[in-house]
Amino acid sequence: MKTALTLSGSIRKGSYNRVLQQHMGRALTKAGVEVTELDLGDFPMPIFNEDLEADSVPEAAVKLAEMWRSHDIVFIATPEYNGGVSPLIVNTITWISRQRPSPFRHAVFGIGGVSSGKYGTIWSLSHLRDSLSKVGALVVPTLLGIGPAEESLDAEGNPVEPAIIRKVEQMVQELTHFSRG
């Protein structure tokens, strides 16, 4: 059975990206994947600084890297801040990227995000895809940008637009059928 980690680049209460993380977890579970839902608030790490790295790598970075290495799929839901990726995701990826062996060379990655704007995090997803690719991650082709949030999700956190529902299905298909070999 394939395994997946899901996480959100927003740890605030009521985060739409946490809602997307949970929705993708349900969709992957329905497809027969064993899902582990992560809350990055449970993995505190200081802002990356090479001076800190020399003395002590945060235990959270080591633990997250091992989790990423041991799962077949990683799904990241991220908000968009000023057209870019959330600082929480940037810091998490930076710390994890310093761990050896690389935690990015086993899993297949899916990325998505929800925003209050009509562009649905598409700029941050573009930046995130680029960053993940540079550290060796295999990111599936489908980008799951959803917005505006208030009109795109129902009360249970499920997408209501047929095009988004199809994109979720397509991403699940890609995540469960792509392989690092």
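Biologist: What should I know about the numbering and the model before reading any values?

Modeller: Residues are numbered from 1 along each chain as its sequence is written, and side-chain values use heavy atoms, with hydrogens and water left out. The model is predicted, and local features need pLDDT of at least 70, side-chain atom pairs count only at pLDDT 80 or more, while totals for chains, interfaces and linings use all residues.

Biologist: How is a pair of aromatic rings described, and how many aromatic pairs are found here?

Modeller: A pair is described by the distance of the ring centres and the angle of the planes. Rings of Phe, Tyr and Trp (its six-membered ring) pair if their centres lie within 6.5 Å, and planes under 30 degrees apart count as stacked, over 60 as edge-to-face and the rest as tilted. A search of the whole structure gives 5 aromatic pairs; one of them is Trp68 with Phe104, edge-to-face at 5.4 Å centre to centre with 85° between the planes.

Biologist: Which parts does the pair of Trp68 and Phe104 tie together?

Modeller: Trp68 belongs to helix α3 (residues 59-69) and Phe104 to the loop between α4 (87-97) and β6 (108-114), so the pair ties together parts 36 residues apart in sequence; helices (H or I, at least four residues) and strands (E, at least two) are DSSP runs numbered from the N terminus. Trp68 is buried at 1% relative accessibility, where buried means under 20% relative accessible area, exposed over 50% and partly exposed in between (1.4 Å probe, protein chains only). Phe104 is also buried, with a relative accessible area of 1%, and Trp68, Phe104 and Phe109 form one aromatic cluster.

Biologist: How do α3 and α4 meet?

Modeller: Ala61, Leu64, Ala65 and Trp68 in α3 meet Thr92, Ile93, Trp95 and Ile96 in α4, contact meaning heavy atoms within 4.5 Å.

Biologist: Which residues touch the most other members of the largest nonpolar core?

Modeller: A nonpolar core is a set of buried Ala, Val, Leu, Ile, Met, Phe, Trp, Tyr and Cys residues joined through side-chain atoms within 4.5 Å. In the largest one, with 29 residues, Trp68, Ile76, Phe109 and Leu132 touch the most other members, and α3 gives the most to this core, with 6 residues. A second, separate core of 21 residues includes Ala4, Ala27, Phe75 and Val114.
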